[in-house]
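Trainee: I would like to learn how to read a structure like this one. Could you take me through it step by step?

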Amino acid sequence: MKLLSIAVPCYNSQDYMRNCVDSLLEGGDLVEILIVDDGSKDDTAKIADEYATKYPNIVKAIHQENGGHGEAVNAGLRNATGFYFKVVDSDDWVNKEAYHAILDKLLEIIAGPETLDMMISNFVYEKQGAKHKKVMKYKNYMPEGKIFTWKEMGRMPIGKYILMHSVIYRTELLRECKLELPKHTFYVDNIFVYKPLPYVKTMYYMDVNFYRYFIGRNDQSVNETVMIRRIDQQLLVNRLMIDIISEEKVTDKNTRRYMLKYLDIIMAVSSIMLIRSGTEENLEKKKELWRYLRSADIHIYRKLYMSVLGRGVNLPGRSGRRLSVTLYKVAQKFYGFN
């Protein structure tokens, strides 16, 4: 069994995937790299096969009809043999020193008496053209140097939460929670992180800048214009997250508190994108989203609607919407997201 399986979803990634895969090869025989060619029309499949031929004990090339990012992650999970599982997008990469530190720690934990469900590390916004690289750190909110539980998790401020770039999950935990991401849908990384959370009992945080998250290409899914164009996919993910928290019996109050905070952020992102689009149709979709939350769970609805973010994106009238956008731009500048 490999220590760590790393799924690399690829769609027309020929121009940048080598940088990603080369950084992952630093893990050597401890890892397996699952390059998932999601029906690419360029040389992605050829490059994946080249790596699989050159590194047969490390790299596996998986070819499938186009199913979107989520189905590529699903394919990686179906084929994973590692004790732990991570997703690294094909335009991103990892830091060598942090990578080795994480692998060493995972080996140490596996040899010990406790089972670790989720490893968390920092990630860096490699924003194109930005002189200052924003680092998402968690050191003030999570214990270091030990396995901990939700009870020991500190309360993170607005704008800081655990993303796919931050996490490594225990593979069997993902299978236990029956994680399956929707096809042909962007923004499913939120579901990837969110759905397993009630099953996570133990965590370990390493204060290393492991994942390098490239951001800034015009065609990138998190580009604001692209997000507005694909708003229905964002809304689908948002509704699925509502379903998870409203249907899942999350008995641990600390886990539930964090999951509500996460949903609060996603509701705000969806709402602000709908406002930014400026169309009456999308303003109606915003109302429908909040009605969906209300029908799913009135208590969650009241809590999130009255939160700082909820109030901020539900200011009445045209002037209220302008103020919502202004607040969003301030947050965008402060936190460094795209």
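Mentor: Gladly; we will go through a helix pair, some strands and a loop residue.

Mentor: This is a predicted model, in which local features need pLDDT of at least 70, side-chain atom pairs count only at pLDDT 80 or more, and totals for chains, interfaces and linings use all residues. Residues are numbered from 1 along each chain as its sequence is written, and side-chain values use heavy atoms, with hydrogens and water left out.

Trainee: How are two packed helices described?

Mentor: By the angle between their axes and the distance between the axes. Here the axes of helix H1 (residues 17–24) and helix H2 (residues 44–54) come within 11 Å and cross at roughly 20 degrees. That makes H1 roughly parallel to H2 (angles under 35 degrees count as roughly parallel). Axes are lines fitted to C-alpha atoms over the stretch in contact, with angles from 0 to 180 degrees between N-to-C directions. Helices (H or I, at least four residues) and strands (E, at least two) are DSSP runs, numbered from the N terminus.

Trainee: Which residues make the contact of H1 and H2?

Mentor: On H1 they are Met17, Arg18, Val21 and Asp22, and on H2 they are Thr44, Ile47, Ala48, Glu50 and Tyr51. Contact means heavy atoms within 4.5 Å.

Trainee: Let us turn to strands. Is S2 mostly covered or uncovered, and what is on its two faces?

Mentor: Strand S2 (residues 31–38) is mostly covered, with eight of its eight residues buried (under 20% relative accessible area, 1.4 Å probe, protein chains only). One side holds Val31, Ile33, Ile35 and Asp37, and the other Glu32, Leu34, Val36 and Asp38. Strand S1 (residues 4–10) runs parallel to S2 and is joined to it by seven bridges; strands pair if DSSP finds at least two bridges between them. Cys10 has Asp37 in S2 as its bridge partner.

Trainee: What pairs with S10?

Mentor: S5 pairs with S10 in the antiparallel sense over two bridges, and Trp93 stands opposite Arg212. Strand S6 (residues 118–127) runs parallel to S10, with ten bridges, while strand S8 (residues 147–148) runs antiparallel, with two. In S10 (residues 203–215), eleven of 13 residues are buried.

Trainee: And where is Asp92?

Mentor: Asp92 sits in the loop between strand S4 (84–87) and strand S5 (93–94). Asp92 is buried, with a relative accessible area of 1%. Leaving aside neighbours within four places in sequence, Asp92 is in contact with Cys20, Tyr211, Arg212, Tyr213 and Phe214. Asp92 and Tyr211 are 119 residues apart in sequence and 7.6 Å apart in space, C-alpha to C-alpha.

Terms used. Parallel < 35°, antiparallel > 145°, perpendicular 65-115°, else oblique. Buried < 20%, exposed > 50% of the residue type's maximum accessible area, 1.4 Å probe, protein only.
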